[in-house]
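Please look over the sequence and the structure shown below before reading on. The report keeps to what can be read from the coordinates.

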Amino acid sequence: MTADAGTLVAAAASLRGESLWRAAAGRFAANRAAMAGVLILVLITAFAFIAPLVSPHEMETNDWERIQIAPTAEQAHWFGTDANGRDLFVRVAAGARVSLAIGLITTLVAVLIGVLYGAVAGYVGGRTDQVMMRIVDVLYALPLFFAIIILVTVFGRNIFLVFLAIGAVEWLTIARIVRGQTLAAKQTEYVEAARSLGAPATRIILRHIVPNVVGPVIVFSTLLVPTVILVESFLSFLGLGVQEPQTSWGLLISQGTAALDSAPWLLVIPASFLAATMFAFNFIGDGLRDALDPRDEA
Amino acid sequence: MLRFVASRVGVLLPTLFVIVTLSFFLMRVAPGGPFDADAQLEPEILENLRASYDLDRPVIAQFGLYLGNLARGDLGPSISFKDYTVSELIAIGLPVSLQLGLTALLLATLAGVPLGILAAANQNRWLDHAIGTLAMTGIAVPSLITAPLLTLVFGVTLKVLPVAGWGDGAWENRVLPLTALVLPQLAIIARLSRGSFLDVRRQNFIRAARARGLPEWRVVLVHALKPTLVPLVSYLAPAVAGVMTGSIVIEQIFGLPGVGRYFIQGALSRDYPLVMGVVIVYASAVLVMNLLADLAYAALDPRIRRGFSAGSAA
């Protein structure tokens, strides 16, 4: 009798146990490409922070005896040196820190602005919604990259402004996604229940709407990080982004392109890091989409 | 339909006006100016220079002047390229950029759609996975990397194609820039058409066509192709913006005389009229493409005309 009750309880627990998020996590962990993406990111991040500790070189020290030497174990120039005799190994790590930081911080800024803006527009609705989304439409018509270049031209080539400029432009899509999701969530019973219990609009938006539209936002932001890293690389490549003595992958690739025929490793090594990061984020983003939206499996 | 067109066109001009106004004032408000580099100029000469470009007037008056000239199609003189007007520079650069961009879009569509359909028709088989990998590579590896790598392989190592330059549009000079420009677009288009074709294939009219015993190629080419292309239309506008962005970098890497190069040059030297001119040309292009995409979409799917128009699905 007691044994029976025990198995029943256990069975009930196992029935109840699988939450939506845990199921998604399970699907994500089973996705080999996505897990490879996570591994690549962990490795690159580790490299970004460990490389300067391992290498005997400083990123700004010039070794005029060894200019543009190919990767070699001698003198610990594992990735070779650039046109100014600076060690590429520590420079790629420094570039990784800048590029990853820009990608993550900017995405965070864009997500915060976009989620709040979209949720408010969608929840309040009516004229407010129309005006708010018309503003988004107008900003959308300005090609993103040009807007960023104008902002950078205007406010100078400063790394924090690069963060801001990219973030200020990238929130638009998130706002659109969240607004659409909010319009749908507004019709649900749980929001109606909250409203009929007298919950204020801010509470409904923050406690009921935002958590329920978060899935697509997570997927989109994962894919936004590589976009931002790429925009930063484009800007730096064109000389409008990160400035010397700081560096980023875009700047390194630009310098590598300039030395294309004499020192191809200056291009190939930073380009490989950038490409690997792009792959990693795209794999993770796709994995998250499949994990969070199992309807697509068919 | 007519009302829909009118409402769409009606939004276009105010949008362009907002863009012009925003970029104009943003650039004038910022500290620094186009003559900063010539720091050794005598104050009188600097004053004359500024006067000759109307930079000594109040900003509002400058804006009025600019709008007046713009209405007459005059984009003003370039400051960094002396002896050239902005219109002349754009007239030199635009044909190159347009040729590159349109060819790239055309090639990407012509190759991307069949690849996507091929992948979908072989869903979850090796061909699907191969095309998927190719598409993922195209999306993940930006032109910033492919362009220099292509130059390294075909220009520097194999020496079969020119490293850079336009060569008055000789085909050898176009191969590498076009390849770098096409790859990301091709990848996105292939992915979109794969997903779209998978959706279409589940529809009843396809089942009906199969049930009537039509051969598979007829089902795909005659019945499924058009509805497969519908979602692609809405990608047209962002694609144009993407190609333009890509072409800035491509023009820089390959030293092509397109508009993008003037834009970067203008931005670096704070050549206000030049940057404004290029922004206006590009923004108009994007707006018109947005409009065309909206109209084409509405023409293909009547539900959109009646529903809430939340702008193009960019």
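## Confidence

This is a predicted model. Chain A has a mean pLDDT of 81, and 90% of its residues reach 70 or more. Within chain A, helix α1 (residues 2-17) has the lowest confidence, with a mean of 55. The highest is found in helix α3 (residues 32-54), at 89.

## Fold of chain A

Chain A contains 12 helices and zero strands. Read from the N terminus, its elements run α-α-α-α-α-α-α-α-α-α-α-α. Of its 298 residues, 45% count as buried. Among contacts in chain A between residues at least 6 apart in sequence, 70% join residues at least 24 apart.

At 1.5 Å a residue, its 28 residues should span 40 Å, and its end C-alpha atoms are 40 Å apart, so the two values agree. Helix α12 of chain A is also mostly covered, with 21 of its 28 residues buried.

## Nonpolar core

The largest nonpolar core has 152 residues. Val92(A), Ile148(A), Ile253(A) and Val278(B) have the most contacts inside this core. Helix α4 (residues 88-124) of chain A gives the largest share of the core, 17 residues.

Ile148(A) is one of the residues with the most contacts in the core. Leaving aside neighbours within four places in sequence, Ile148(A) is in contact with Ala165(A), Ile166(A), Val169(A), Val231(A) and Leu235(A).

## Contact between chains A and B

The contact between the chains takes 34 residues from chain A and 39 residues from chain B. On the side of chain A that touches chain B, at least two residues each come from α5 (126-141), α6 (144-155), α10 (214-237), α11 (249-258) and α12. By class, this side of chain A has 26 nonpolar, six polar and two charged residues. Helix α12 of chain A, one of the contributors, is the helix with 21 of 28 residues buried.

## Single residues

Asn124(B) is found in the loop between α4 (86-121) and α5 (126-140) of chain B. Asn124(B) has a positive phi of about 65°, although it is not a glycine. This residue counts as exposed because it has 9 C-beta neighbours inside 10 Å, and the cut-off for exposed is 12 or fewer.

Glu60(A) sits in the loop between α3 and α4 of chain A. Is Glu60(A) exposed or partly exposed? It has 15 C-beta neighbours inside 10 Å and therefore counts as partly exposed. Not counting residues up to four places away in sequence, Glu60(A) touches Arg86(A) and Pro245(A). Glu60(A) and Pro245(A) are 185 residues apart in sequence, and their C-alpha atoms are 7.1 Å apart in space. Ala201(A) is in helix α9 (residues 201-212) of chain A. With 12 C-beta neighbours inside 10 Å, Ala201(A) counts as exposed. The C-alpha atoms of Ala201(A) and Phe49(A) are separated by 44 Å, and the two residues are 152 residues apart along the chain.

Terms used. Residues numbered from 1 in each chain as written. Chains lettered and ligands numbered in written order. Predicted model: local features only at pLDDT ≥ 70, side-chain atom pairs only at ≥ 80, totals over all residues. pLDDT = per-residue confidence, 0-100. Helix = DSSP H or I, 4+ residues; strand = E, 2+ residues; numbered from the N terminus. Expected span 1.5 Å × (residues − 1). Buried ≥ 20, exposed ≤ 12 C-beta atoms within 10 Å, placed from the backbone. Contact = placed C-beta atoms within 7 Å. Nonpolar A, V, L, I, M, F, W, Y, C, P; charged D, E, K, R; others polar. Core = buried A, V, L, I, M, F, W, Y, C linked by C-beta atoms within 7 Å.
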